[in-house]
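Colleague: I have a few quick things to ask about this one. Can you put it up on the screen?

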Amino acid sequence: VPVEPPECALFVPNAFSPNNSGKNDAQCLYGTDCIKTMTFNIYDRWGNKVFESDDPNVCWDGTHNGQALDPAVFVYYMSATLLNGETVERQGNIILIR
């Protein structure tokens with residue numbers, strides 16, 4: 001009897017602190033092994049896009065155009081197509097702590 005693979009468990013942390021401590025220095029997506037295609041965008045409070053990626057293994061380092069951004073709350077939007085064909089859309093807040 002074939003065993004069903006575990007359900008995809010995508011996780012987007014809601015805070016990170018890019019302070020070069022070696023811990024929690026980047027905003028990454030977790031549980032991405034089941035993603036076929038995706039878009040991940042992060043916006044500042046004025047709606048300006050500060051980060052975008054279509055690679056689930058690329059993390060945001062808290063910069064925009066090479067400049068470190070000040071601590072703030074950002075909004076993310078993620079849309080992914082999973083290997084099983086299911087579409088997942090998520091949005092929420094990310095807190096950048098320095």
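Colleague: Thr32, buried or exposed?

Modeller: This is a predicted model, and in it Thr32 has a relative accessible area of 11%. The cut-off for buried is under 20%, so Thr32 counts as buried.

Colleague: Where does Thr32 lie?

Modeller: Thr32 is in the loop between S1 and S2.

Colleague: And which residues is Thr32 in contact with?

Modeller: If you leave aside neighbours within four places in sequence, Thr32 is in contact with Leu10, Pro56 and Asn57.

Colleague: What about Ser17, where is its place?

Modeller: Ser17 is also in a loop, the one between strand S1 (15–16) and strand S2 (35–43). Its relative accessibility is 16%, so Ser17 counts as buried.

Colleague: What does Ser17 touch?

Modeller: Not counting residues up to four places away in sequence, Ser17 touches Lys23, Asn24, Asp25 and Ile97.

Colleague: Let me step back. How many helices and strands does the protein have?

Modeller: There are 0 helices and 7 strands. Read from the N terminus, the order of elements is β-β-β-β-β-β-β.

Colleague: What does the C-alpha trace span?

Modeller: Along the principal axes, the trace spans about 55 × 30 × 20 Å. The accessible surface is about 6,500 Å², and 49% of that belongs to carbon and sulfur atoms.

Colleague: And what percentage of the residues is buried?

Modeller: Of the 98 residues in the protein, 33% are buried.

Colleague: Then which residues in the largest nonpolar core here touch the most other members?

Modeller: That core has 21 residues, and the ones touching the most other members are Phe40, Ile42, Trp60, Phe74, Tyr76 and Met78. Two or more residues each come from S2, strand S3 (49–53), strand S6 (72–82) and strand S7 (87–96). S6 gives the largest share, 5 residues.

Colleague: Pick Tyr76. What does it touch?

Modeller: With residues up to four places away in sequence not counted, Tyr76 touches Val12, Phe40, Asn41, Ile42, Arg90, Gln91, Gly92, Asn93 and Ile94.

Colleague: Those names include some rings. How many aromatic pairs does the structure hold?

Modeller: It holds 6 aromatic pairs. One of them is Phe11 with Tyr30, a tilted pair with 6.4 Å centre to centre and 40° between the planes.

Colleague: Which parts does that pair tie together?

Modeller: Phe11 lies in the segment before S1 and Tyr30 in the loop between S1 and S2, so the pair ties together parts 19 residues apart in sequence. Tyr30 has a relative accessibility of 43%, so it counts as partly exposed.

Colleague: And why is the pair of Phe51 and Trp60 tilted?

Modeller: Because the planes of Phe51 and Trp60 are at 35°; the ring centres are 6.3 Å apart. Phe51 and Trp60 are both buried.

Colleague: Which residues do ring pairs link into a cluster?

Modeller: Phe16, Phe40, Phe51, Trp60, Phe74 and Tyr76.

Colleague: Last topic, charges. How many positive and negative side chains are there?

Modeller: The protein has 6 positive and 12 negative side chains, and the centres of the two sets lie 6 Å apart.

How values were computed:
Residues numbered from 1 in each chain as written. Predicted model: local features only at pLDDT ≥ 70, side-chain atom pairs only at ≥ 80, totals over all residues. Heavy atoms only, no water. Helix = DSSP H or I, 4+ residues; strand = E, 2+ residues; numbered from the N terminus. Buried < 20%, exposed > 50% of the residue type's maximum accessible area, 1.4 Å probe, protein only. Contact = heavy atoms within 4.5 Å. Areas by Shrake-Rupley, 256 points an atom, 1.4 Å probe, with all protein chains shown as cover. Lys, Arg positive; Asp, Glu negative; His and termini not counted. Charge placed at Lys NZ, Arg CZ, Asp CG, Glu CD. Core = buried A, V, L, I, M, F, W, Y, C linked by side-chain atoms within 4.5 Å. Phe/Tyr/Trp six-rings, centres within 6.5 Å; stacked < 30°, edge-to-face > 60°.
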